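Work through the exercises below with the sequence and the coordinates open. Each task is followed by a solution in steps.

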Amino acid sequence: RLKIVTEPDSTGVYYLHMALLFATLLFTALPAAAAALWTSDDSSLLQVELAVDRQAPGAPGNAPSAAAADAGVEDSTSTASSNTSWCGFTGQPGFIKALTLPPTDNLLLDLTEALAVNNSVKFVVTAMSISGTYTDGSGYLTEFASPMEETSNTMFEFRLSSNGLSVDVFRPQLNLRTSDKEMLAALRRGAGNGHFDTLGTYRCAQGASGSFMSRAGLNPNVLHLMSQGQAVDVVLRGRDPTDSNITSSLETMLGAARAGEGPPSKADEPKRVIISGGSLIRKGFFVAKTAAQATSYRVLSVKAYKQNLDVAVEYMMADGNPMSVGFSLVKLPDKPMPFRPADERLLYFTTDYKDLGEHDRYTDELPEESVNRQVSTIWRYNMQRPESQIRIHIDPTVPKRWRSWFRKGVEAWNDAFRLIGRPKAVRAVLPEDKDWPKDYDISDARFSTISWTISSQVVSMGIAKVDPRSGEILKSDIVMSDGWVRSWLGDLDLLAPNFTHQLDQSMGYRFEACSDGNVVLGQRRIPGRLRVVDEYDWGKKISLLSAAVGQPVHARQRDTILGEGLRHVVTHETGHILGLRHNFKGSLGVGYDCIRNAACTAERGLSASVMDYVPVNFPSANAPDVHLFSPVLGDYDKLAIRYGYAEAQWLNASFQVARGEAPSFKTSDESASAESKLKAELQAVLLEAEKWETCYDADMMLKQDPACTAYDMSSDPIRYYEDEVRRLVDVQRNLLNTSVVPGAPYTHYGDAVNTVLGMAQSTGVKVIEWLGGVSNQYTYRRMTGQGAPKVSRHAVPANTQKRALSLALMIIRPNKAGLLPPTDSFPYLVSATSGRGSVESLDLAASERAVGTYVLAKMLSPQVLQRLHAEEQLRAAPGSGEGGLSTGEFLALVTKEVLKHGLRTSERGEWDLQRQLVNSLTQTYESKLPDASLAHVAHHLQRLRKEIVAALAEVKGDGGVFDDGEEPSPDEVLRAHLLSLHQDVHSALCDGKDVSACSFTGSLPSAAVRPPVALAPALLVLGAALALDW
């Protein structure tokens, strides 16, 4: 090592010359592979430090790196054809030429060809984890194939600076654009130019001694010299490294020291634009911000192609764990794909922006909407070329036994593309196929993929990376976790989806990512889906499928069931990477009788859209032959593909293609006519779409429309929920035998009983959402001025709401509903819910009480009463459908049902419901509901107080005089319960009112308020204290 520190005085350049002369002589004598720089924080010092690493001069430069071998990544530093060299670096030709020098970490990027047109190039950066990270202490830190972009804008532009010494990096802002030429100057000034970074360039000089390169144009003041891979970084504090005197002097000294001659000649060196790849790696290529936290990195592989550059890097993070990321820089098309406007009737993922300026008004917009117009363009693949085909590569991580099912799931979408003349538009490519690409890499932007990752979660993600200018999908990836397999057959080491998804609402989610721009924003969490956090939990569950059919399934049935389930999920996720969003009302498109008939669902499926979430369609004694998972695309899905992918040149040729004939393309005049026909076709598709019910993620979050939800089924969801409860009753009856297989512990039984009760509770909560519900529709006024054929909103019919209420009221009494296990199984009711190696007796009464009171509390919540009040505004509106359920009628039905056994009942379970009724009404009375709603609540509290007083008057006994230690009689306990209820009602009604007008004792019979002898002294003291305070 050599270190020179000097004051930057008038002799500073002299000392610098001496340092470089000595360093260069040292480099000449000793072979070196790398050099590093450390600089002092003291800005007054000029410091040069050289580190020389010994390496055999003949070390091969093309051997695969150990880092790549360890990570299972093919090192391709020598795989590209027609390799060229520059300044001793080996080059791979491509969109961006990659220049490498052993070790691979020495990476330079040649932008010369990329910047050949207008000295600029636009590209997007994709990033994916190419290896998962798991530790025993923390679990999964990174999962394989997860998106690693940490910004919503991954589009960049390289521009060569005016002096050619640096490359400016721009990240265009995408939310503001303009097609109004007169607004260009204002947009540029007002929004800025998007300058993001500046990268220095290298120059190579040739002389008799060989070549050396220098880097200039950087800030802070750094000049970098490298000769045959031997590097010197010079930090010039307070000096300009581009100063011609310093630069020429340094280059002269280095050349003279190596060759014993004057400055090397530059006449033969073509002008090239070379930047540091290492700098980009340390910055995570501008998108993976976590990379900046890494303490070091190693390059696993570098691959250059015609349209993209791929770099695989393993970062060592500060916590000591590695993070492997595959980056792909993808050149954007010179001419963006024609965009297609989004429409809410057939919703796609979109790129949204504001088109500033004044524009010609469309017929369907207001005048002010044509100024600074909001534009939304859908995401889709570019299928304009006849040979276009969407290829989804099934990654080798997918087990072979499931690959054929994955192929079926992907290629199911050809049923939709066939309607627009593209019967083979989508294809799944398997590793065993003859045309499987030899250079396949999951992070390579040329390949859209489906991969299989290990996870403790039930996870599926559909991720699209797009050109934000047009919405063209450039690369897409589906990630499936092995949790799906375990989630379907519990008694065969797997879980049933209904069973797992509803096991624990407080900590459970199914993850499904959605994208915006070029990056996954995050994981949309849908409550009620299970995330199992401990591996041992998986083995304790049961299969509701085997319980439903009465016997376990054999191995062949198991594989078919799992394969069909995986096919269905893959079809759903493929819809996402084709651009489609969820439609949570898709299930309304198929009748209940149809979903219970396999012949019907073979044609129509279980839903009008596979983009809905539907539960497993379990068989039953009345319907033994059903499709567990939807076997075909829905009609809504086919319409959506017609809207997104129909092209003008294919409208007239579609039938020829469908028949296998060669399409006939049109002349330019005919093409213009085809464009006009395309607009008419798309408009017709949108009008046809209005007959289907639609709702999306944002609609579901509003919780206004009860049919806009996940995991319901059929055009009559209440009927589905009713059958669901009946099925749970049957399951509970046989649960001891189906949950505990021979040789298994009985703790499985207690866990299963609790789970079934939890599913019943979840069903009760779902039907409560129908109370006060409103059906919202996406409807448009006709271009003729006529109204839409259906209204935009209407109240859920009163009959439907009453059916929902009746089912919820049945669930609040699990025992009477048959949802508790039979009494002869009580001796086996133990569970292991506290963790591995534990056994505890199941408190069935507590579980029953928890279900009943939770559902009743949800039923009487202020949210439900607020919905009922808002719904009443629609009841008198013409054309709004059948009237809904009024607040007064709803409260009367609930109160009557809860008190149907009378206040004097001795059943302790009824006391719990009475207590919850009082608590819910009193809490709601104190909320900020409209006065009309509060008046109804007050009315029922007053009635309830009168009934409590009447019950107290009829309770036998004189008030109960008993000695200390004597057990009170049942009547005394009942009286205490009723007094407590009365006091709560009285406190709610009389809070803040005149004490004399709300006398607690004035309305009670004397026997009811006579205190026991043992309590009289205490009450007298309390009364005296209150009197003094008054």
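**Exercise 1.** Find the bridge partner of histidine 393 in strand 25, and then its bridge partner in strand 24.

Solution. The model is predicted.
Step 1: in strand 25, histidine 393 is bridged to threonine 449.
Step 2: in strand 24, the partner of histidine 393 is valine 429.

**Exercise 2.** In which sense does strand 23 pair with strand 24, and how many bridges join strand 23 to strand 25?

Solution.
Step 1: strand 24 covers residues 426-429, and strand 23 pairs with strand 24 in the parallel sense over four bridges.
Step 2: strand 25 spans residues 448-453 and is joined to strand 23 by three bridges, again with the strands running parallel.

**Exercise 3.** Is strand 23 mostly covered or mostly open, by count of buried residues?

Solution.
Step 1: a residue counts as buried under 20% relative accessible area.
Step 2: strand 23 consists of residues 390-394, and four of its five residues are buried.
Step 3: strand 23 is therefore mostly covered, taking buried as under 20% relative accessible area.

**Exercise 4.** Describe the open sheet of three strands: what is its order, and which are its edge strands?

Solution.
Step 1: the order is 12-21-22, and the pairing is mixed.
Step 2: strand 12 (176-178) and strand 22 (371-378) each pair on one side only, which makes them the edge strands.
Step 3: from one strand to the next, the twist averages 40°.
Step 4: strand 21 (residues 350-358) runs antiparallel to strand 22, with seven bridges between them.
Step 5: opposite glutamate 358 stands valine 371, in strand 22.

Methods:
Residues are numbered from 1 along each chain as its sequence is written. This is a predicted model: local features need pLDDT of at least 70, side-chain atom pairs count only at pLDDT 80 or more; totals for chains, interfaces and linings use all residues. Side-chain values use heavy atoms; hydrogens and water are left out. Buried means under 20% relative accessible area, exposed over 50%, partly exposed in between (1.4 Å probe, protein chains only). Helices (H or I, at least four residues) and strands (E, at least two) are DSSP runs, numbered from the N terminus. Two strands pair if DSSP finds at least two bridges between them. Axes are lines fitted to C-alpha atoms, for helices over the stretch in contact, and angles run from 0 to 180 degrees between N-to-C directions.
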